Amino acid sequence: MNILKTARVIAASLFFLLTTLFFVDFRGILPNEIHSLFHLQLVPAILGGMIFIVVFWILFTLLFGRIYCSFICPAGILQDFFIRISKRGKLKKNKQKRWFSYKKPQNILPFILLGLSVALPNVLLLLDPYSNFGRIAANLFQPTVVFVNNLLTDGLMLVNNYTLYHVTIANVTLSALIISILILLLFVVLSVTRGRLFCNTLCPVGSSLRLISHFSLFRITFNKEACNSCGQCERVCKSECINSKEQKADVPRCVNCFNCLSSCKKGGLKYQFNPVSLKQFQKKKQEPRMKIDNQESPSRRNFLSLSASILTTTPFVLSGCTKNSNNQEHVRNQPILPPGAKNIKRFEEKCSACHLCVVKCPNQIIQPSGLRYGFDYLLKPQLVYTKGYCNYECTICSEVCPNHALVPLAKEEKITTQLGIAKFERERCVVYIDETDCGACSEHCPTQAVKMIPYKDSLRIPHVTPDICVGCGGCEYICPARPQRAIHIIANATHQKVEKPEYEKVEEVEEIDFGF
């Protein structure tokens, strides 16, 4: 194996393993600092305003080509996995069959989608490779790991081993599950049939790097004296960018997997310093476009049909999945934004719905939305208090967000950030209906914004002080009233600041010493 390919396989495997494990780690074993690796992803770096990282990848691509796509991008590495499995099965049946072959580049669709991704945040959300991988990992991989964990737990309990414990997944919604399955199917189909076609046609990151890599200094080149045009390099090129007959490599589409170098035993290809000259670039630009062969057009039409159908039908599929999987009884006019979101407009622009905050929330109250709040909020996280509440001092979601859509909050900032305000509906309260004591909402309020006040005879009923309520949802979660809870959180479109509550001092009772 070529040393460059070996380095690529090792680096990609380590990065992919760390990324996947961090997403599926339902026990919180791995340190949250691992999330810093995700700042290397290009779209999160752009959305988060991390100019240094963006400039780094531009310069790195100008030097070495599209290393990013094979070394760092988890969606690209996932596609390589599918390619590897399918390729093995095919070669066992017929070792002489051509697995990949050179295809002419598509020069219109990729840049139309790139322009749409720049103009429309939701197009970027649907096409961003990192965010798509995050949704697959959060909504498919993690539930699978939890299912296996629960099976092992049952098996170990039969032999009186209680090392593992059962885990319930409460943060996977139907809309997020459907779109994750569709994207995974798209990856599988395109990888098996056309290799890295998603990366070179649909992916906005791939299209951006494709423009830059036109001028890369190091590139795959043919040694025409050593090459005998056997076609082996073309058969293993998953980007379908090597033309072995003409001994040319379409460098902008090359993702630098170095499979071609490893496959050539005669040294017919090299990865070396070979900058394109202005004269060569102008000559390439003036070359007339060749007509598409009749043999290629059906597969291209099939590809366009498949990808277009998935991308265009997804919103309509999700429109039927706007109801939350937990059957939340209170319909909100706007989502409760996670801590650090600041305001809904900013959050819609910066969040790419990678769902890392969803899987890292210890109480599983952050859940992906469907189309309940419109297409602009598609799949973005919201707080749902039917199965839990936001821990008063917890800041994990804001710490791990790679886009800085959730601004990192210190604990002092978190406890004074008002996500929403509790609203009490007296007619639904068990104190009002059944004339019995309750007070559960007051007991679970960390700021004493919900207090019990005299109501009737010896009964006391909840009263909300909005000025000190932080909208943590403790009162809504614990409220026993059904089918609709008597107290719920009304979301703030813009997070507000409240004063740190002053807790009532407990009077110290002097102990009397009776002498016995």
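Mentor: Let's start with the rule: a salt bridge is a side-chain nitrogen of Lys or Arg within 4 Å of a carboxyl oxygen of Asp or Glu. Keep in mind that this is a predicted model.

Trainee: Okay, so what makes Glu-240 and Lys-103 a salt bridge?

Mentor: Their closest N and O atoms are 3.8 Å apart, and the cut-off is 4 Å, so the pair counts. The two residues sit 137 residues apart, Glu-240 in the loop between helix H12 and strand S2, Lys-103 in the loop between H5 and helix H6.

Trainee: Which residue of helix H9 pairs with Glu-240?

Mentor: That's Arg-194. The closest N and O atoms of Arg-194 and Glu-240 are 2.8 Å apart, and because the limit is 4 Å, this is a salt bridge as well. It ties together parts that are 46 residues apart in sequence. Arg-194 has a relative accessible area of 10%, so we call it buried.

Trainee: How do you know that H9 has the span expected of a helix?

Mentor: H9 has 21 residues and reaches 30 Å from first C-alpha to last, close to the 30 Å expected at 1.5 Å a residue. After H9 comes Gly-195, with a positive phi near 65 degrees.

Trainee: And how many salt bridges does the rule give?

Mentor: The count comes to 10.

Terms used:
Residues are numbered from 1 along each chain as its sequence is written. This is a predicted model: local features need pLDDT of at least 70, side-chain atom pairs count only at pLDDT 80 or more; totals for chains, interfaces and linings use all residues. Side-chain values use heavy atoms; hydrogens and water are left out. Helices (H or I, at least four residues) and strands (E, at least two) are DSSP runs, numbered from the N terminus. The expected span of a helix is 1.5 Å times one less than its number of residues. Buried means under 20% relative accessible area, exposed over 50%, partly exposed in between (1.4 Å probe, protein chains only).
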